[in-house]
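Student: I have just opened this one and would like to get my bearings. Could you walk me through it?

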Amino acid sequence: MRTKSALCIISGILVLLGLWRFGLGTSAKAQPQNPTQQNQPQYLGPSELVAAKDGRTLYVVCEDSKQVAVVDLAGGKSTTFWSLPGQPTGLCLSPDQTRLFVTCAKPQGVVCVLELPSGKLLQEIPVGYWACGPSISPDGAKLYVCNRFQNSISVVDVAAGKEVARIPATREPIASAITPDGKTVFVANHLPNDRADSYDVAAVVTVVDTATNQATSIRLLNGTTGLRSISISPDGRFVYVPHILARYQMPTTQLERGWMNTNALTIIDAQEKKRVNTVLLDDIDLGAAIPWDAACTPDGRWICVSHYGTHELTVIDGPAMMEKLSKLPDQLPSGPNAPYVDRSLGPASLVKDDVPNDLSFLVGLKRRIRLGGAPPYQDTPESAKIKGPRAVVVVGNKAYVAIYFSDLLCEVDLAETDVHKAQRTIVRWPLGPEPVWTVVRKGHINFIDASLCFQQWQSCESCHPEGRVDGLNWDLLNDGLGTPKNNKSMLFAHKTPPSMWTGVRPTAEDAVRSGIRHIQFAVRPEEDAAAIDEYLKSLQPVPSPYLVNGRLSESAERGKKIFFDPQIGCASCHPEPLYTDMKMHNVNSRGPLDRRDEFDTPTLIECWRTAPYMHDGRYVTMKEVFTQGKHGATVGKLENLTPQQIDDLVEFILSL
């Protein structure tokens with residue numbers, strides 16, 4: 001009996017030591033599961049952060065485990081977990097710090113209202129589909145929520161606990177920020193919503209007047225895509241938007257000096273509601289792929305930008321950057337008496353419009369701080385495990401970065417203000433046990449990891465966010481120079497050969513390996529590509545926002561009958577279950593830059609998410625495909641359809 005008691009005591013001590021080692025507290029709501037106890041590894045997936053005003057507590061969205069982690073910064077790194085009824089996507093605190101608002105992505109999105117400090121779920125407020133990116137007014141009266149896949153913004157009356165207005169956005173609103181005076185909400189739209197074959201293709205920032213709920217737009221630079229966050233300087237003067245700045249109009253013959261993709265930060269004047277300028281975060285010979293989030297120190301001195309693809313944090317001297325921008329002329333002197341200016345002299349000859357193309361503009365004003373392993377630096381066993389920085393928040397003189405694939409936080413000391421300093425003090429805080437990456441998880445990491453790419457300019461994710469589209473045309477050279485094609489979703493790519501619009505890759509496996517070699521300009525081990533294959537195969541379609549309670553609407557049901565009507569003929573090329581016959585067809589879509597008539601038949605599943613349409617992206621909406629493009633007229637009697645029947649047909653297709 002004594003031996004049994006001793007063993008029980010020892011076991012108890014070991015359990016307590018394990019909890020202390022990983023900082024796992026307990027809560028009345030939930031406890032994290034240990035991945036080693038599961039048949040399949042469980043991941044936390046920290047992705048969004050918010051800090052309490054007193055700087056003692058961090059709240060962390062754990063996207064994969066459907067939890068919020070509560071990190072006690074002052075009490076020894078202890079962590080409590082609260083479970084949620086859906087996949088959390090964003091969070092914000094009430095001004096009085098008594099409630100935490102967490103958006104959850106479901107077909108009927110909700111805002112979960114949690115009581116603090118208990119974590120008790122007080123209420124679920126219905127909003128729109130795939131709710132995310134919340135922000136709250138300074139008086140705590142109104143909550144603004146992005147409905148990503150319904151292209152709208154919900155206005156929630158906090159006291160009444162209900163949505164009171166719905167404001168249109170442009171395309172996939174994904175993050176919001178409100179000015180300190182509460183008068184304006186700025187919303188980042190993830191993707192462009194333009195014809196891909198036009199000269200100017202760019203995402204926009206939606207601007208909401210909170211007094212009237214009227215929305216306007218600020219158009220960003222041509223090639224702007226992949227917005228994931230938005231933030232406002234502490235004094236309310238400037239809005240910061242990290243994003244990709246694609247050079248999609250160039251042939252993809254090289255990567256040097258950002259020839260294909262650059263990575264940028266756009267500064268917007270919050271009062272004037274116009275773009276101040278766009279600066280590049282890359283170095284001349286080293287890309288800073290996939291800027292994700294931005295946050296400022298309380299005094300506005302330092303702007304911190306996380307990089308999802310290169311596993312680092314860029315720290316920018318904000319006042320010095322703005323001073324340098326303010327001194328640039330709109331244009332150089334001209335006329336017969338104007339002094340000669342040698343444009344090869346660099347900064348001395350810059351004008352404002354040159355800045356988005358100048359990879360040296362922030363030299364001396366920024367420091368790239370390596371959080372994890374990425375060439376050309378030397379990896380350590382510890383740093384090589386830091387993959388996928390997402391959200392960043394600043395508490396005092398310290399920046400905290402959520403590391404998505406590593407289930408931890410990185411703490412960076414910003415008090416070391418010398419931007420030239422080679423090393424920073426970085427503390428890594430595990431939120432749970434070290435994750436064990438499956439082949440699929442490794443494939444996801446490889447997909448976003450720019451260290452696979454020559455000079456780190458981009459990753460697969462740069463052009464295929466979440467395995468989908470960036471809304472741009474690219475001239476990939478695999479079918480000749482000067483024949484740009486619209487970006488395709490990777491969903492079901494391995495089930496629907498051939499790959500590429502002209503079918504030049506017989507399988508998706510071939511396309512993955514060709515992409516590494518000819519788009520990332522790299523030679524990688526076979527296991528890297530094999531893992532990417534497994535990740536892409538694991539992608540599942542998101543239910544369409546056009547469904548009603550998970551079912552086809554009445555209009556879509558009518559459209560379904562039209563779709564499968566042999567006289568109309570849609571199903572002859574787009575049969576179930578993947579809605580493609582995987583063949584090449586001539587549907588009279590040849591454009592002025594094309595050298596052939598036949599193109600691959602894409603799957604229609606999740607096509608509500610993949611605009612613009614056709615191989616050259618000439619149609620912004622699916623309705624235009626039929627009304628302007630007369631798509632389907634080569635196989636069926638499209639001309640017999642009434643306007644209502646066209647609407648019904650479109651409704652069905654967008655419901656797939």
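Student: How many residues does the largest nonpolar core have, and which have the most contacts inside it?
Tutor: In this predicted model, the largest nonpolar core has 55 residues, and those with the most contacts inside it are F563, Y613, M622, F626, L649 and I653.

Student: Which helix gives the largest share of this core?
Tutor: Helix 10 does, with five residues, while the helices that each supply at least two residues include helix 3 (439-448), helix 6 (526-538) and helix 9 (622-627).

Student: And what does M622 touch?
Tutor: Not counting residues up to four places away in sequence, M622 touches C607, Y613, V650, I653 and L654. There is also a second, separate core of 29 residues, with Y144, I153, F186 and V187 among them.

Student: Back to the helices: at what angle do helix 3 and helix 6 pack?
Tutor: They pack at about 105 degrees, with their axes 7 Å apart, which means that helix 3 is roughly perpendicular to helix 6. On the helix 3 side the contact includes V439, V440 and F447, and on the helix 6 side it includes A531, I532 and Y535. By class, this contact has seven nonpolar, four polar and three charged residues.

Student: New topic: is H243 buried or exposed?
Tutor: H243, which lies in strand 19 (residues 238-246), counts as buried because its relative accessibility is 0%, and buried means under 20%.

Student: Which side chain is joined to that of H243 by a polar contact?
Tutor: The side chain of T266, at 2.7 Å. Leaving aside neighbours within four places in sequence, H243 is also in contact with other residues, including L220, N263 and P291.

Key:
Residues are numbered from 1 along each chain as its sequence is written. This is a predicted model: local features need pLDDT of at least 70, side-chain atom pairs count only at pLDDT 80 or more; totals for chains, interfaces and linings use all residues. Side-chain values use heavy atoms; hydrogens and water are left out. Helices (H or I, at least four residues) and strands (E, at least two) are DSSP runs, numbered from the N terminus. Buried means under 20% relative accessible area, exposed over 50%, partly exposed in between (1.4 Å probe, protein chains only). A polar contact is a pair of N or O atoms within 3.5 Å; within protein, one must be able to donate a hydrogen and the other to accept it, and residues adjacent in sequence count only if both atoms are side-chain atoms. Contact means heavy atoms within 4.5 Å. A nonpolar core is a set of buried Ala, Val, Leu, Ile, Met, Phe, Trp, Tyr and Cys residues joined through side-chain atoms within 4.5 Å. Axes are lines fitted to C-alpha atoms, for helices over the stretch in contact, and angles run from 0 to 180 degrees between N-to-C directions. Angles under 35 degrees count as roughly parallel, over 145 as roughly antiparallel, 65 to 115 as roughly perpendicular and the rest as oblique. Ala, Val, Leu, Ile, Met, Phe, Trp, Tyr, Cys and Pro count as nonpolar, Asp, Glu, Lys and Arg as charged, and the others, Gly among them, as polar.
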